[in-house]
Amino acid sequence: MNMLPANDIPLVLSGRGVTAILGPTNTGKTHLAIERMVSHSSGVIGLPLRLLAREVYSRVVDKVGAANVALVTGEEKIMPPGARYSVCTVEAMPRQTDVAFVAIDEVQIAGDLERGHIFTDRLLHLRGRDETLLLGAATMRPILEKLLKGVSVVTRPRMSHLAYSGPRKITRLPRRSAIVAFSADEVYAIAELIRRQRGGAAVVLGALSPRTRNAQVELFQSGDVEYLIATDAIGMGLNLDVDHVAFAQNRKFDGFQNRPLTAAELAQIAGRAGRHVRDGTFGVTGQVNDFDAGLVARIEGHTFEPVPVLQWRTSSFDFSTIDSLRRSLETPAPVEGLTKALPAVDVQALDNLANDPEIRKAASSSANVARLWDVCALPDYRRIAPAQHADIISSLYLDLVRNGQVDEDYMAEQIRRSDRTDGDIDTLSHRIAQIRTWTYVSHRPGWLADPTHWQEKTRDIEDQLSDALHERLTKRFVDRRTSVLMKRLREDTMPDAEINISGEVLVEGHHIGDLQGFRFSADSNAGGEDAKAVRAAAQKVLASEFEVRAERFSAAPNSDFAIGSDCSLRWLGAPVAALSAGDDILRPKVILLADEQLTGPARDKVQARADRFVSHHVETLLKPLLELKDAEHLTGTARGVAFRLYENNGLLDRRDVAEEVRTLDQETRRAMRRLGVRFGAYHIYVPALLKPAPAGLLTQLWALANDGADKPGYGDVVAAMAAGRTSMVTDPAFDMAFYRLAGFRHLGRRAVRVDILERLADLIRPALGWKPGEAKRPEGAFDGRQFVVTPSMLSILGATAEDMEEVLKALGYRAETRRADEVEAKLAEFDRVQAEIDAAKTETHKADSSADKVDAEESATPAAMDASEKKPANDGNTATAEPSAEPEEAAADKARVDASKAYAPPPQEVQKEPGADLPAASDMPGSSEPEEPKTILVWRPAGRHGGNQQNRRGNVKANDGRRGSGSREAASEGKPGKGRFDKANRGRKPSDQRQRHKPAEKAPDPDSPFAKLAALKDKLGK
């Protein structure tokens, strides 16, 4: 172990023999350090990243040969015997050395919260025998001059100009661009976008193995891809042919917090653009806001705030006990300009293990405490929770203490878990992080019995995983086909293109897009700005194809066209035009969806044919509406009603035009009915529009005029209508206009199609128009003033009883709750009496037939009968010549009166409270509570009058302003029955009959059928 007792390592604060080479990126600092190192007999150079160490190692090997160069990182050691030069990561640099030359690159990282204390320790303690170089940014000058008295500072200017180019979309970035993000997910997302738009991108992350990174960089350097997506790893000395750096993110997680990058950090990354004497640019893309002028000036001028303090942690450790070690780690910074570093991964692991009794027992000596601290230095490559990382360290440490080395079975099992090359990018990246842990273990001296075997084993597995990861990255983020095409097009070689019968456009035999209608859409893998070159190849055949298609389109039958739910005009399934709102809702504009290649007469033909179809489609499905608008034969009020129907898409509430409709005569109504208008009890509407096709078209046209395509409910109501729904539960989230456009009316919580409501009115009307004793009781009739809901009413609405209750209330009817048994008894009594009346009428009819037969026989007597017997002399009395007529008429009147009495409920029945006739609870055997009687709702029209009063008064309106179901207008629309005045006089005698003096009654003929009917009624009355 390269550690000395605490007091033996003094804090070196002298700058004698130390030269600081400071300046921005692209100043040749690293190149200078390599040249200076190989000019000495021996040397060591420390670099911030394993990737950069690999690159510098290759360059040094090229100069002095592999036998003279060692590579030392946490997971990799190449140490030829007698090697004079060492290339290391800063963490792997020895803390003491006797080489002639020492160089530490990127010394500004000494201010980093996570790794800074390691850089600080090396630049304060490590010196070359002959020369020491500290390489970094100019921001380090003040702190270095403060801490290292006598340090020599050399500044170097940038060899090329760096300029800000502003924000750009990712898809518009120039070739040879590096796009920088700070999370693997963001890097992958951008690379996927670049693959779709530009053919592919290389990916570089700090977590990649050197083998994978080198393979990805080669893709970019060779020109197979023109874009590099990377983390800030490229800011640390990776020399690439990058012309532009675009920041897709400007915040990063530094191990402790997610913070914005400083101006110096942005400049470090932006400086990768433009190498040697070639100028470079930088900018922003994605969601990053445009850099302000002050920030741009600092980056371009390389003027930044100096590093105020360096992170520091003591190198004097007390290994007496675990607690002593932890106390020594709390040592404060000894001088101004240094600050105590936050707990790093090794300190966090020690804190976790310090509470483990087994670990405390094992760390019983200073040597074992020192070994514990050595094991705690295991890097957390997997970025797992501190407790999980501490568990791995615990297993390794206990093996080392008890057995002197790590158990090889345990080592083999851990490596076996990583020895697989299947899986996606994330899976392979995780396995590489796992194998790096065991690669690090295999390179720790004294930890394994056969370290060489395990070093080779882990290296082989890491190489396999790296190759597999490179393959997955390339497969996912590089389109080989597009990459080759782009390269050919940049070389001004135009590939062949063709279009097959299905519309696929092929370039060099590869599918690059489709020609749908008159628009060419590039394949997603060949899109973006570079796809313009691919399009150019395709345009050779597209121009002639457009001409041919225009001819076919102009001659196509209407059956080849359709208007989609997105209001697009489609030809054989391909969108060719879009509809937009016009000055008239029924005259939409037609906008062609065609590329610029469709021009001149060909374009005019296509436009004219599209206009013709749309006009034909609207005129066919919405013909009744257009006829209402153009109904010039209608005049006055009728023309106004017709135009209001047109404006309201064929549906009006009757209450809104009640006065106008009342003034229409029957001839005018017939004229409007010929135009398809229906005058219903609740609505004036056009039944032909209550079908899915016209309703759907109306909905689309309304949506165009009112920006309704994105409103909730668009298309849903028509879809339910097409499925056969005549009523539905309304969705409160839907725009209510969509229900109205489909011909539905919102009642309660349901929407009901208006023609169904009129059918409901047709069922209610006879129930309210019926009078007891006049005819058989219609279904649902109760007493001539009220009605009950029937299964037929529920069936046509497709609703439950609860829904029907809400619908009727919304239509203006009022309910009365009655006991079900009383209602059923009353209806049964009505039907029974009506049956007896019908039987009596039948008997009377038979008697009348017999009397007619006798009269016929009497009329056949000889004409020689004495005149005095046939016609008595007039004595001035008012008696008629047929005395039996009046008694028979009186008997019929009496029968009708008796029948009315038979239907009338007894007075006490009306006054009884529900359940008054039920026995008291105490009188019911075996029961402590009376059974709740079932009830039923009996309905009547709203208003002061119900039943026939409603029917007689045509101006009585329901609560919603509509006429009742017995209004004159509704009853007269093709319905058999009486008009307004006939109904008003139903059951009433004319005034002249009421005032006429009734003749004296005479005894009826006992054999008369009317007398027999009266006798029957008397019997029923008893």
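Buried means under 20% relative accessible area, exposed over 50%, and partly exposed in between (1.4 Å probe, protein chains only). The model is predicted: local features need pLDDT of at least 70, side-chain atom pairs count only at pLDDT 80 or more, and totals for chains, interfaces and linings use all residues. Residues are numbered from 1 along each chain as its sequence is written, and side-chain values use heavy atoms, with hydrogens and water left out.

**View 1. Salt bridge between Asp-422 and Arg-420.** A salt bridge is a side-chain nitrogen of Lys or Arg within 4 Å of a carboxyl oxygen of Asp or Glu. The closest N and O atoms of this pair are 2.6 Å apart. Arg-420 is partly exposed, with a relative accessible area of 44%; Asp-422 is partly exposed at 35%.

**View 2. Salt bridge between Glu-131 and Arg-36.** The closest N and O atoms lie 2.9 Å apart. Glu-131 belongs to strand E7 (residues 131–136) and Arg-36 to helix H1 (residues 29–38), 95 residues apart in the chain. Helices (H or I, at least four residues) and strands (E, at least two) are DSSP runs, numbered from the N terminus. Glu-131 counts as buried because its relative accessibility is 13%, whereas Arg-36, at 33%, counts as partly exposed.

**View 3. Helix H5, residues 184–198.** Buried residues of H5 include Val-187, Tyr-188 and Ile-194. Glu-192 forms a salt bridge with Arg-195, with closest N and O atoms 3.1 Å apart. Glu-192 and Arg-195 are three residues apart in H5, so about one helical turn separates them. Just after H5, Gly-199 has a positive phi of about 100°.

Technical notes:
Expected span 1.5 Å × (residues − 1).
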